Amino acid sequence: MSDLISVVEWSRWQFALTAMYHWLFVPLTLGLSVIVAIMETLAYRSGSEQLGKLTRFWTKIFAVNFVCGVATGIILEFEFGTNWSNYSWFVGDIFGAPLAIEGLFAFFLESTFVVVMVLGRDRVGKKFHLTSTWLTAIGAMISALWILVANAWMQYPVGMTFNPDTMRNEMTSFWEVALSPVAMNKLLHAVTSSWALGGVFVVGVSCYMMRRRRQTAFALPAVKIGSWVGLAGLLITFMSGHSSAVDVSRTQPMKLAAMEGLWHGGNSTELVAVGLLNPEKQFDNDADPYIFKIGLPGALSWMARGDFNAYIPGIYDIIDGHDEIDGKPVNTVSYEERMARGAAARRALANYSATHSEADLEALRADYPYFGYGYYDNPAELIPPVAMTFYAFHLMVILGGYLMAFFVVALLLAYRADRWLQTLWASWIGMLSIVAAWCCSQAGWVCAEVGRQPWVIQDILPTRAAISALSASSVQLTFWLFAAVFTLLLFAEITILFTKVNTEK
């Protein structure tokens with residue numbers, strides 16, 4: 001059993017390592033693709049040689065990052081087969097569909113036209129090159145769409161039925177999977193936040209170039225374009241973030257409770273603006289959840305349910321099966337009952353496999369929504385890591401607010417007092433803001449994925465049941481190998497980028 005737990009934990013760490021390295025490159029690819037397309041459009045319409053030169057420079061930066069994103073993305077998809085083969089078998093008929101579409105269509109479109117975008121500037125007409133640049137950006141967003149559809153289905157499994165004869169979940173409605181509101185909000189949130197990250201990157205690098213006193217005329221237009229794209233992306237990100245919070249409160253209330261460190265719910269629930277969790281607080285004690293906090297009264301109720309006085313269940317309420325809808329108490333299925341029904345579903349499945357009786361099949365269908373709970377006998381195991389989820393969520397929100405102020409100030413300086421953008425402090429703030437943007441982006445994914453634990457597929461497949469039959473030592477070995485390779489890849493990209501920035505004339 002201890003070896004099993006070790007394999008689960010090391011497999012999780014390996015996947016997290018790969019995903020977080022991959023997510024260093026993906027949002028920059030999404031953001032830069034749009035910014036470069038806008039730059040080229042302006043250059044095409046104006047005929048400006050300076051804008052043309054600017055576009056060529058940022059196209060090179062985009063190309064380097066694109067290659068690194070592809071390399072890490074391929075490894076990430078392979079890990080579903082190497083480390084999570086039970087998961088791939090259990091839901092491959094559903095999860096594989098959006099990944100196949102992403103590979104066959106979106107990535108094909110993106111990778112085809114990126115060649116024209118990067119290498120075909122002097123080989124094709126200006127209009128065709130501009131079209132290729134926009135198609136690359138569109139292809140990147142379509143690629144993100146199908147990846148996020150797959151991820152959203154793991155958070156909110158819909159459009160499927162379980163076939164006990166094949167022991168697999170099978171898709172019953174492609175459009176229910178593809179157009180899930182969770183998927184659409186994830187797409188909007190991830191893509192527009194990537195525009196913000198791309199905008200910060202362009203502004204930060206441009207401030208660095210302006211500080212060197214050689215590139216003011218060259219870099220100032222990039223500051224303006226990057227700031228406008230980033231600001232627009234961030235505003236949409238905030239709006240989609242609110243919609244995502246509504247979805248989470250409806251489909252994953254335990255995650256919402258963890259995001260706020262909310263152990264006991266109630267009406268007019270506050271949103272914690274700043275807080276420090278009490279590390280002594282556990283499921284089985286009555287310690288105060290916070291050492292200190294500053295909250296906004298009623299804000300969480302409004303964010304989740306559009307009513308400042310609405311009831312929001314806490315961790316204990318969800319486990320006990322208590323909620324309130326439209327001002328009336330509602331008894332949901334308690335975790336004790338879910339675990340009992342999950343165990344009953346597992347027994348019914350085992351019996352059906354042996355007898356193929358209709359009675360066992362009906363019993364399985366009745367309790368299947370709680371199938372995954374049958375792997376647990378203690379509600380405490382079903383609580384996500386509260387501290388990590390809480391701090392990741394609040395770091396994302398705080399840094400998002402900072403980036404909003406960053407873009408507003410950058411635009412004011414770019415149009416009113418650009419000499420301030422050439423100062424040392426502007427250069428340092430710009431470069432450090434790039435780090436802040438990546439931290440904000442990573443924190444969002446940590447919140448989304450850690451807050452879902454212990455599930456790979458919400459309520460159906462726990463993480464401990466999704467792994468491959470591997471030894472802990474083999475997973476540890478590949479973890480450290482990947483850590484070394486990805487770190488070298490990141491170091492190589494940073495070196496190449498700094499070389500290109502410092503040699504640009």
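In this predicted model, Glu-270 and Lys-293 form a salt bridge (a side-chain nitrogen of Lys or Arg within 4 Å of a carboxyl oxygen of Asp or Glu), with 2.7 Å between the closest N and O atoms. Glu-270 lies in the loop between β3 (266–267) and β4 (271–277) and Lys-293 in strand β5 (residues 290–296), so the pair ties together parts that are 23 residues apart in sequence. Strands (E, at least two residues) and helices (H or I, at least four) are DSSP runs, numbered from the N terminus. Glu-270 is partly exposed, at 26% relative accessible area, and Lys-293 is also partly exposed, at 41%; buried means under 20%, exposed over 50% and partly exposed in between (1.4 Å probe, protein chains only).

Residues are numbered from 1 along each chain as its sequence is written. Local features need pLDDT of at least 70 and side-chain atom pairs count only at pLDDT 80 or more, while totals for chains, interfaces and linings use all residues; side-chain values use heavy atoms, with hydrogens and water left out.

The whole structure contains 10 salt bridges. One of them joins Arg-341 to Asp-367 (2.8 Å, N to O). Arg-341 belongs to helix α11 (residues 335–355) and Asp-367 to helix α12 (residues 358–367), 26 residues apart. Arg-341 is partly exposed at 24%, whereas Asp-367 is buried at 14%. Glu-337, Arg-341 and Asp-367 are linked in a salt-bridge network.

Arg-121 forms a further salt bridge with Glu-40, the closest N and O atoms being 3.6 Å apart. Arg-121 is partly exposed, with a relative accessible area of 21%, and Glu-40 is buried at 6%.
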